[in-house]
Amino acid sequence: MSEPTAPQVPAIPTARRQALRQHLMNEVTRPARRPQRMLVLAPAAAVLAVVVAAGVIAQPWAPRSAPLIVPVHQGEHVGAPLLLNQMAVAAADTPPPGEGEYVYIRSRVAVAELGDGPARLGPAYEREIWIPRYERGDGLLRQPFLELPVIGVIPDRTTLPDMPPNAEVVDLPGDPDELLAKLHRERDERGRGSSRDGAAFTAIGDLLRESLLPPPTSATLYRAAARIAGVEVVRGVTDAAGRRGIAVARTEQGRRDEWIFDERTFEYLGERSYLVADTADGPAGTVLATAAVLRRAVVPERGQRP
Amino acid sequence: MTAQLRLRIRAGDTDAFGELFDTHADAVYRHAVWSEGDPALAEDVVSLTFLEAWRIRASLHPDGDSLRPWLLGIATNVLRNRRRAARRHREALRRLPVRDTVPDFADEVVGRMHDADQVAAAIAALRALRRADREVFLLCVWSQLDYAAAADALGVPVGTVRSRLSRARTRLRELAERELAGTRIVPVEQGDYR
């Protein structure tokens with residue numbers, strides 16, 4: 001008998017099995033906040049600043065590259081509500097988008113994995129998403145499959161089943177205070193995570209990122225953001241495409257998240273996230289994520305590019 | 001039936017996912033114990049495997065038979081890259097209830113210890129295999145997947161499964177003969193082969 005036979009393994013003890021099942025069901029029914037649309041903003045922005053400073057446009061963030069560290073500038077708290085309200089006024093002037101059943105967004109993204117020493121940005125990649133415009137339905141995501149665990153087919157196209165439509169964002173309360181109250185309520189229902197202000201800032205960032213907003217909606221989001229405590233302005237920042245802009249930012253637990261806008265037109269350019277204090281994930285300035293929105297459009301079909 | 005279950009899981013139906021857990025949790029657990037020999041660790045692998053399955057549910061192929069090969073494939077990846085999987089799901093793992101260390105029945109424990117010895121002995125033999133060969137051996141022989149299912153699970157061609165399995169068997173045979181001759185088994189270093 002040359003081959004070892006399968007040794008008997010007793011089943012998982014019943015009580016434990018129940019506990020594992022319960023935990024799993026809790027996890028999968030946990031109300032994820034727009035799970036498919038989150039970029040998991042972690043460490044991308046600082047990379048760009050360095051690249052730009054060096055005058056290089058190639059990809060310096062190879063998979064095993066050194067952590068990207070950007071200078072941490074002082075944020076300016078007083079100017080933030082002023083800037084956001086200015087942006088709200090400017091937004092009211094932009095022309096509305098055309099007709100089409102899907103919202104298409106192409107962006108350039110790089111994020112770092114956390115939890116294994118100093119954060120290093122992964123390679124930058126392009127991400128394209130098709131979001132149903134009016135009705136809940138299937139969306140589509142195209143992005144390189146970066147993870148190593150390859151299970152059967154490697155999807156570079158993933159259907160996003162039963163996705164909330166872009167219209168859901170458009171239909172948010174038009175009153176900034178009401179909108180903030182709604183975001184606070186959602187945070188309280190989750191009952192965990194960042195502070196109420198931090199959660200509201202993150203939620204608005206998620207709404208701005210992969211969506212196509214009519215000007216009044218953008219204006220409401222900016223006005224609501226202006227009311228969030230701790231919001232600051234950071235100047236001279238760079239998005240994942242190397243474009244310079246002005247950032248609306250907020251810092252929580254040693255990490256600053258920035259939304260980057262064109263300084264003159266206030267067009268949303270992208271975002272980045274980096275540490276502002278020395279932590280286990282790296283020293284202050286370590287970039288956790290960076291992104292740039294390259295194209296926003298309306299298209300007639302899922303999978304079709306503008 | 002399975003086709004419908006696949007569609008429901010792809011569509012994010014949590015009840016369907018609960019059914020999947022009920023049907024296959026023990027198979028995943030056994031596979032993990034065979035692979036690592038540690039029941040506590042194997043429970044984490046079960047959780048991680050199903051969390052991963054949920055995460056990548058959209059990539060599940062709509063047609064096909066049993067979902068066991070799919071899950072065992074994910075479990076194999078989790079076992080191979082446990083740190084990465086744990087990192088990805090660290091929030092969820094933090095919420096995992098602590099294992100009860102006080103057992104309910106004393107004789108159950110005795111049974112478990114006996115089983116644990118048996119598992120340890122069998123695993124020691126498999127340690128002498130290269131990881132990729134051991135994975136195929138576990139899937140095809142102990143978990144009884146056919147070649148096509150194992151190929152699916154591992155994301156490799158059927159021919160590769162065949163050749164790895166045959167290499168595993170040859171090596172096990174050699175080892176058994178050598179053991180009879182009183183030679184010590186020298187385990188192959190993990191990760192020297194891909």
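Reader: Which residue stands opposite A:Met163 in β4(A)?

Author: In this predicted model, A:Gly137 is the residue that stands opposite A:Met163 of β4(A).

Reader: How many bridges join β3(A) to β4(A), and do they run parallel or antiparallel?

Author: Five bridges join β3(A) to β4(A), and the two strands run antiparallel.

Reader: And what about β2(A) and β3(A): how many bridges are there?

Author: Three bridges link strand β2 of chain A, residues 125-132, to strand β3 of chain A, residues 137-142. These two strands also run antiparallel. They form a hairpin, with four residues between them.

Reader: Which residue in β3(A) is the bridge partner of A:Glu128?

Author: The partner of A:Glu128 is A:Arg142.

Reader: Let us change topic to the contact between the chains. How many residues does each chain give?

Author: Chain A contributes 36 residues and chain B contributes 50 residues.

Reader: Now for chain B. How many helices and strands are there?

Author: Chain B has ten helices and zero strands. Along the sequence, its pattern therefore reads α-α-α-α-α-α-α-α-α-α.

Reader: What percentage of chain B is buried?

Author: Of the 194 residues in chain B, 36% are buried. As for contacts in chain B between residues at least 6 apart in sequence, 70% join residues at least 24 apart.

Reader: How do α8 and α9 of chain B pack, in angle and distance between axes?

Author: Helix α8 of chain B (residues 131-142) and helix α9 of chain B (residues 147-154) pack at an angle of about 135°, and their axes are 9 Å apart.

Reader: Why are they called oblique to each other?

Author: An angle over 145 degrees would count as roughly antiparallel and one of 65 to 115 as roughly perpendicular, so α8(B) and α9(B) are oblique to each other. The crossing in which α8(B) passes α9(B) is right-handed.

Reader: Which residues make that contact?

Author: From α8(B) come B:Glu135, B:Val136, B:Leu139 and B:Cys140. From α9(B) come B:Tyr147, B:Ala150, B:Ala153 and B:Leu154. By class, this contact has seven nonpolar residues, no polar ones and one charged residue.

Technical notes
Residues are numbered from 1 along each chain as its sequence is written. Chains are lettered from A and ligands numbered from 1 in the order in which they are written. This is a predicted model: local features need pLDDT of at least 70, side-chain atom pairs count only at pLDDT 80 or more; totals for chains, interfaces and linings use all residues. Two residues are in contact if their C-beta atoms, placed from the backbone, lie within 7 Å. Axes are lines fitted to C-alpha atoms, for helices over the stretch in contact, and angles run from 0 to 180 degrees between N-to-C directions. Angles under 35 degrees count as roughly parallel, over 145 as roughly antiparallel, 65 to 115 as roughly perpendicular and the rest as oblique. A crossing is left-handed if the near helix is turned anticlockwise from the far one by less than a right angle, and right-handed if clockwise. Ala, Val, Leu, Ile, Met, Phe, Trp, Tyr, Cys and Pro count as nonpolar, Asp, Glu, Lys and Arg as charged, and the others, Gly among them, as polar. A residue is buried if 20 or more other C-beta atoms lie within 10 Å of its own, exposed if 12 or fewer, and partly exposed in between; C-beta atoms are placed from the backbone. Two strands pair if DSSP finds at least two bridges between them.
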